[in-house]
Amino acid sequence: MMAMAEGNAARIEGHLASDVPRAASAIDPRASRGVPAPDLLSAARDGGLEEPGRGRPGSRTPVAASSSGGIGNDALKSQHAEPRLPQSMQAREALSADWLEAVRHARGERDRVTVEFGEGGAAPTPREYRLFFVTGHPRSGTHWLGSLLNLHPAIYTDGEFFFDALHEGFGRLSAWKWLAVGGDAGHAALRDACFEDSVRRLLVAVAPRKAGATHIADRTPRLLKVLLPGAAHIVALRDGRDVLVSWTFHQLRVGGRMLERFCDGARGGQRPRGAGMRAVRDAFAADPDAFEHQPGLLLSDERWVRAVARQWAEHVRHDAAAAAAMDAGTIDARALVVRYEDVHADPSGQAARMAGFLGLDPALMAPVSDDSGTAPGGLGRDPRSFFRSGRVGDWQRYFTPEAGRWFEEEAGETLREAGYETAPDWQGDCRVEG
């Protein structure tokens with residue numbers, strides 16, 4: 001990982017983006033005064049990657065039926081409803097009006113917030129909080145890392161805030177010169193300060209949901225960007241081949257937007273497309289266990305495999321360069337990269353490592369267990385579940401020689417730079433029949 005970080009830190013602009021402003025703002029929102037480029041990973045919570053110009057993160061456009069034949073996405077969702085939501089995705093206790101009023105008057109700077117609050121009418125006393133972030137490509141283990149962090153009595157991770165969408169909205173205030181304050185550097189600085197203040201207040205507002213918590217985190221899967229100066233970032237990294245398999249199952253389970261786009265038929269006289277993913281989608285809709293019998297079908301669509309592989313590679317290279325810049329002191333933040341595979345091998349050790357990185361005593365952490373959803377594979381292996389498998393090397397059950405070749409051509413270099421392979425000959429392990 002270090003070799004990849006050092007090599008990419010110098011070439012991030014040319015390799016990861018077609019223009020310099022996009023590459024700069026991808027690492028640090030304050031590096032560009034224009035509107036940040038649409039982050040295709042920002043809509044992962046919605047089950048699909050948001051396409052530029054097709055809505056906003058978190059919005060949904062239900063598909064009643066597929067216009068190109070087969071089973072539509074809504075039918076897919078209703079036929080195979082989520083059997084069990086993780087605890088962190090269930091309804092949460094409402095926050096008290098008194099606490100929220102105190103948060104409105106909180107004082108914050110960088111990654112710290114002080115809230116003056118008195119429980120049950122008592123005299124207000126200052127409560128100090130530190131804010132941090134868990135990031136990474138979708139399906140790389142950000143949810144698992146959040147659960148492990150919650151084993152510490154001083155840490156609380158409360159799900160995904162998707163602050164990228166908020167930052168994009170703030171960016172539009174002065175994105176173009178013809179706007180009321182377009183091009184005004186002073187107003188842009190005020191805009192950035194208001195954004196940071198919003199992040200601090202929205203994040204610290206959930207602190208009462210865990211008594212005694214002093215370190216509050218957002219765990220949105222996203223690029224490694226600095227939202228608060230000086231903040232700590234724990235970055236999840238996972239083998240891109242396992243990410244591809246997990247993301248494909250996730251899209252099939254929720255009927256996500258990315259799946260919808262790849263299942264679209266011909267438009268405006270174009271040649272037919274999407275037949276490959278329609279077959280995959282329809283097979284899952286008819287039988288969620290279909291790929292146990294036909295494993296080669298899962299990754300049979302070349303366009304899909306190449307798109308997800310390329311996406312993963314760009315994300316990992318960007319994060320490596322951003323982490324290297326943080327280590328070098330050129331970006332005002334800290335980052336700790338945590339490999340999914342290392343967590344799988346030693347969850348307690350990696351949980352202690354993360355606590356230490358945050359300056360907390362690892363000895364205070366509760367033990368890893370199935371009940372807390374922190375043990376490897378402890379949350380189920382149901383293809384219809386949010387926690388489908390969690391196996392390391394699961395990709396070998398589904399990769400055909402063709403899928404291996406497509407992935408290698410798009411992301412093989414990154415796979416080796418990240419330390420998951422040493423040579424292209426890994427494709428010899430792709431023996432699943434198509």
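Modeller: Buried means under 20% relative accessible area, exposed over 50% and partly exposed in between, with a 1.4 Å probe and protein chains only; helices (H or I, at least four residues) and strands (E, at least two) are DSSP runs, numbered from the N terminus. This is a predicted model, in which local features need pLDDT of at least 70 and side-chain atom pairs count only at pLDDT 80 or more, while totals for chains, interfaces and linings use all residues. Residues are numbered from 1 along each chain as its sequence is written, and side-chain values use heavy atoms, leaving out hydrogens and water.

Colleague: Which residues of H8 are buried, and what covers them?

Modeller: The buried residues are Ala 188, Arg 191, Asp 192, Phe 195, Glu 196, Val 199, Arg 200, Leu 203 and Val 204. With contact meaning heavy atoms within 4.5 Å, their cover includes helix H5 (97–104), helix H7 (163–171) and strand S3 (125–136) among other elements.

Colleague: Where is Lys 210 found, and what does its side chain reach?

Modeller: Lys 210 lies in the loop between helix H8 (185–204) and strand S5 (215–218). A salt bridge needs a side-chain nitrogen of Lys or Arg within 4 Å of a carboxyl oxygen of Asp or Glu; Lys 210 is buried yet has none, the nearest side chain of opposite charge, Asp 158, being 11 Å away. Its side chain does reach the backbone oxygen of Ile 155 at 2.6 Å, and, not counting residues up to four places away in sequence, Lys 210 touches Asn 150, His 152, Pro 153, Ile 155 and Tyr 156.

Key. Lys and Arg count as positive and Asp and Glu as negative; His and the chain ends are not counted. A polar contact is a pair of N or O atoms within 3.5 Å; within protein, one must be able to donate a hydrogen and the other to accept it, and residues adjacent in sequence count only if both atoms are side-chain atoms.
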